[in-house]
Amino acid sequence: MQILRSLLFRLASTAVTLVGVAVIVFFVIRVVPGDPIAMMLPPGATEEDIARLTALYGLDKSIPEQFFIWAGGVLQGDFGTSITARRPVLDLVLGRLPATLELSIMALVIAVILGGVAALTGTRERGTKVEAGIDVANGMALSVPDFLWALILILLFGVAWPVFHISGRVTPSLDLPFVTNFYLFESLLRLRFDLWADIVSHMFMPALALAIPLAAIIGQLLKQSLKETMHLDYVTLSRTKGYGENHVIIREALPNAILPTLTLVGVQFTFLIGGTVIIERLFSYEGLGNMAIDAVINRDLPLIQGIVILFAVIFTVVNLVVDLTYALLNPRLRHA
Amino acid sequence: MLDGRSQIRRKIGLRLWLSGGWLLILVLAAVFAPLLSPHGPLEQDLFLGRMPPFWVSGAEPGYYLGTDSLGRDLLARILYGARVALIVALVAGSITALVGSTLGLLAGYLRGWVDVVISRLIDIWMAFPPVLFSILLIAVLGPGLVSIIIAIVVIDWTRFARVVRAEAMAQGAMDYPASAQIAGRTRLSTMIVEILPNVLPTIVVLLTLEMGIAVIVEAILSFVNLSISTDDPTWGGMISEGRTSIHQAWWIMVFPLVTLFLTVLSFSQFGEGLKDRFDPVLR
Amino acid sequence: MSYLKISNLTVNIAGTSARLLRDVSLNVEAGEVHGLVGESGAGKSMIGKAVLGTLPRAIEIVSGAIELDGTDLLKLSPAEHRKRLGQSCALIPQDPLTALNPSRRIGPQITDRLTDILGWDTKHARERAAELLDEVQIPDPQRVLCSYPHELSGGMRQRILIASAFAAEPKLIVADEPTTALDVTVQKQILKLIKDMQQRHNTALLFVTHDLGVVSKICQSLSVLYAGMVVEATDVRSFFREPAHAYSRALLAATPKYTDPEASLTPVPEEVIAAVRAEVEAADQRLRHG
């Protein structure tokens, strides 16, 4: 009962947040100077043409009226029609979503691996120069945002020592047999490792740039909580059983040290997803973020709305998943 | 134990000195930009396009860091770019701190419906992708320095509000604000006289961090070509421009990038250093 | 021959000359219970940690030997050292609330040493764990093996830790104040349990405690420590009849009697402290020149 009630409360508050986001975006972009309709039409279009198109996109009505028409559509799964692409917003957005999801998840995996290795090594070598070095690297990685890391990576591995692709999602000349837009997963499922390698080589630089700050946060928090755990009696007891340092850290300390790290990493992961907007732009990666910037530049109002709402939905879902994982991993909550 | 502690303090000291030193150099460079640079930042010389920095053969004397595609002096542009970066950092940072801390303080100390409204706003703001939001705002407000500052304040006030709210809540739960009120202070004056001084160190640290973020946001917006104007020198704009000719003239992108990197790193390290200084455990 | 033989063990805070143990020597026979007593900070737990190789990194062994069944543990490689300890020694920790890993079930925490270090098969190890829980009088062992620590009481957890210590039939168990963190009523039961188990399995026990009453109940011999130095080592009977060292006498006078808990207690007198301090300094002199 208790759990159900808190879940319902959680969902209701999420809904309020999403409505808030929708209202704010809707009204903010209606103030955008620049007439989207004028940008669509070829020079020399008549007044009549403009009026007709304006009415077609509902832009002749008052702003509150437009909002309720749009909100009514959204509730039925209709996010409107993109002004520039002249296709349903939902189709466009869902078409790009897999690219951004794959990029974010790859970045998360890299961050967990890098941060985890840093934390485990730092704990193993605690009190030594190695730990001090890891702390300095963590501090640097944390101080500088993904945008700058991306530029540095482009310089290093795209220009000075070109080992990775720094533009696009896949080499354009390749023949893609995919039916979904989850290229990375589908290439694996189809056992097309040649394509998979090409996709990874395109994704690795942007994913790494996104991952570096998160890796530093994971490294720092996890190391701190591991070091606190290493003083506890059950760790000592495990040593007396004849286990070595690695086993003690990974099997005894790690499961208990992960929990405090997890909640914070959830919030940070939403920041990472927000970072895809500029990173995708930098690497000409065909995801949601890149599409969003184009939409802003082209004043494609329905598309902007759709993308912002989708981001907001992703953020709230991530937070929900993190809370559920926390409950699943914590034996105290699991059996409560 | 004593040794360990003085070692920690020395490390903090070094960090504060290095980052503070770089920021000071930057301020001086920005103030004295006209004296330091032999050329104007907008001065073009199409015959001297893409000249390399002074240590590379083929460099043009007087252009220490080389020139960009239009033959403009990179050093001059970086120095004048520092002006934009620092103005944005100071003004946007301070206003953001003021707005965010005030809202956070009100929510955390007054609680009740004020807290409900402000917390709800924070939740909504946290659901926006910040970079996209800032690009959107610039599109609405039009390019320019003032627009950038407004955009940063509108987007980043939650950074202050969240932390200050939590701290004010913790301070408010202690005994001293209650006893101040019993002694006849109003709630508002208790908040300002009793709570604020205890939250101030946190605000100062956040402000330093926020200045670094403001510099980055400005650079990102210049990069997307939405910042000031394409002619005025900004680091982000220079990086964006340099990227197109990176294979022919690496220096056009590398110098502003290094400057931006060091500046952002310094703001952040300065903030972290201050945080350790303010930490009573380490003091 | 002694099963555990510590000779001239000196331990410092790493990189400094701050001594934590001074020239400590002691013997524990096979199957014997040896008490380590002293005030807090006297270094009694430190000896147990040195034997089990769990000294913190900031503490280093300067000199001495810890021989287990004739092998000097300090001369072994770290891996061999660990293996040796895993096979023949165990620990009963002080605080049952923090000595079980909260995110692992009880069963594997008892059997992990058997399967991982000693190479038993899982089924056999599990049967053994159930037997042991039965032996420490835990009802419904199968259910307990599948529980998490937070589902059990402090007394239960201490029983589990005792069972776990005896699981691999070690020759030596270090018990580090195993009853201190428990309620008085539970203390007596646990002490009796440890004694019963020790006698049944004929295990040598290094029993760290500050409570002379506990020593009189369970130990055959004891070492009295002050400032990391053994001031007296003797058998329990002669210790309680006529303690040889002035500090031991003072310590005994400062211990509440079970027969008469209300009797007035004398704190350790100043002059005794001064005398034993002088001895510590003399020992330091010897160590410095020796």
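This is a predicted model: local features need pLDDT of at least 70, side-chain atom pairs count only at pLDDT 80 or more; totals for chains, interfaces and linings use all residues.
Trainee: Okay, now the contact between chain A and chain C. How many residues go in there?

Mentor: Chain A puts in 17 residues and chain C puts in 25 residues. On the side of chain A, α10 (233-240), α11 and α14 (331-334) each supply at least two. The most comes from α10(A), which gives six residues.

Trainee: How does that side split by class?

Mentor: Five residues of the side of chain A that touches chain C are nonpolar, seven are polar and five are charged.

Trainee: Let's stay in chain A for a moment. At what angle do α11(A) and α12(A) cross?

Mentor: Their axes cross at roughly 85° and come within 7 Å. Angles of 65 to 115 degrees count as roughly perpendicular, so that is the description for α11(A) and α12(A).

Trainee: Which residues meet there?

Mentor: From α11(A) you have A:Thr276, A:Val277, A:Glu280 and A:Arg281, and they meet A:Gly289, A:Asn290, A:Ala292 and A:Ile293 in α12(A). By class, that contact has three nonpolar, three polar and two charged residues.

Trainee: Switching to chain B: what is its secondary structure?

Mentor: Chain B comes to ten helices and zero strands. Its C-alpha trace spans about 75 × 55 × 30 Å along the principal axes.

Trainee: What percentage of chain B is buried?

Mentor: Buried residues are 49% of the 283 residues in chain B. As for contacts in chain B with a separation of 6 or more, 70% are accounted for by residues 24 or more positions apart.

Trainee: Where do I find strands, then? Say, an open sheet in chain C: what's the order?

Mentor: Chain C has an open sheet of four strands in the order β2-β1-β4-β5, with antiparallel pairing. The edge strands are β2 (19-29) and β5 (71-72) of chain C, each pairing on one side only.

Trainee: How many bridges join β1 and β4 of chain C?

Mentor: Eight bridges, between β1 (residues 2-13) and β4 (residues 59-68) of chain C, in the antiparallel sense. If you want a spot to look at, C:Asn12 stands opposite C:Glu60 in β4(C).

Trainee: Which helix lies across β1 and β2 of chain C?

Mentor: That's α11 (residues 270-289) of chain C, running at about 95° to β2(C).

Trainee: I also want to check backbone angles. What is phi for C:Gln137 and where does the residue lie?

Mentor: C:Gln137 has a positive phi of about 60° although it is not a glycine. C:Gln137 lies in the loop between α4 (122-135) and α5 (141-145) of chain C.

Trainee: What about phi of C:Glu177?

Mentor: Phi of C:Glu177 is near 45°, also a positive value in a residue other than glycine. C:Glu177 lies in the loop between β7 (172-176) and α7 (184-201) of chain C.

Trainee: Buried or exposed, for C:Gln137 and for C:Glu177?

Mentor: C:Gln137 counts as exposed because it has 11 C-beta neighbours inside 10 Å, while C:Glu177 counts as buried because it has 21.

Conventions: Residues are numbered from 1 along each chain as its sequence is written. Chains are lettered from A and ligands numbered from 1 in the order in which they are written. Two strands pair if DSSP finds at least two bridges between them. Two residues are in contact if their C-beta atoms, placed from the backbone, lie within 7 Å. Axes are lines fitted to C-alpha atoms, for helices over the stretch in contact, and angles run from 0 to 180 degrees between N-to-C directions. A residue is buried if 20 or more other C-beta atoms lie within 10 Å of its own, exposed if 12 or fewer, and partly exposed in between; C-beta atoms are placed from the backbone. Angles under 35 degrees count as roughly parallel, over 145 as roughly antiparallel, 65 to 115 as roughly perpendicular and the rest as oblique. Ala, Val, Leu, Ile, Met, Phe, Trp, Tyr, Cys and Pro count as nonpolar, Asp, Glu, Lys and Arg as charged, and the others, Gly among them, as polar.
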